[in-house]
Amino acid sequence: MTETGLVRYVGDTVSRVCRLRYQIGSNVVSDVDEGSVEFTFGSGATLFCESGPDGETLRTEDAPWVDTFAGPLSPENEEYVRTSGKWSRPADTTG
């Protein structure tokens, strides 16, 4: 998305902010300031932000984050998630 693409969010109200966390089992192992961020707006729009491959640029998408390790998983992926963990969206506690 270009900077001008962000203009569509001007004036909309942020209704939820979610930072993805890295987990191994039920243990969160990422620091509180690590992980991609997802903004949900009052209009229902979603803006997903993450660092680019160079670690300096910001990559944005007009879509919610998709968990590529959501089930069902192959036996190999189950083993990978069990031993190495995965990025997850924390449970919504905003009520």
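## Arginine 21

Arg21 touches Val28, Ser30, Asp31, Val32, Lys86, Trp87, Ser88 and Pro90, leaving aside residues up to four places away in sequence. Contact means heavy atoms within 4.5 Å. Arg21 sits in strand S2 (residues 21–24). Strands are DSSP runs of E with at least two residues, helices runs of H or I with at least four.

Arg21 is buried but has no salt bridge. Buried means under 20% relative accessible area, exposed over 50%, partly exposed in between (1.4 Å probe, protein chains only). A salt bridge needs a side-chain nitrogen of Lys or Arg within 4 Å of a carboxyl oxygen of Asp or Glu. The nearest side chain of opposite charge, Asp31, is 6.4 Å away. A polar side-chain atom of Arg21 lies 2.6 Å from the backbone oxygen of Ser30.

## Aromatic pairs

The structure holds 3 aromatic pairs. Rings of Phe, Tyr and Trp (its six-membered ring) pair with centres within 6.5 Å; planes under 30 degrees apart are stacked, over 60 edge-to-face, the rest tilted.

Tyr9 and Phe41 are stacked, at 4.7 Å centre to centre and 25° between the planes. Tyr9 lies before strand S1 (14–19) and Phe41 in strand S4 (residues 37–41), so the pair ties together parts 32 residues apart in sequence. Tyr9 and Phe41 are both buried.

Phe69 and Tyr80 are also stacked, with centres 5.7 Å apart and planes at 20°. Phe69 is in the loop between strand S6 (58–61) and helix H1 (75–84), and Tyr80 is in helix H1, 11 residues apart. Phe69 is partly exposed at 23% relative accessible area, and Tyr80 is partly exposed at 38%.

## Basis

The model is predicted: local features need pLDDT of at least 70, side-chain atom pairs count only at pLDDT 80 or more, and totals for chains, interfaces and linings use all residues. Residues are numbered from 1 along each chain as its sequence is written, and side-chain values use heavy atoms, without hydrogens and water.

Terms used. Lys, Arg positive; Asp, Glu negative; His and termini not counted. Polar contact = N/O pair within 3.5 Å; in protein donor to acceptor, adjacent residues only side chain to side chain.
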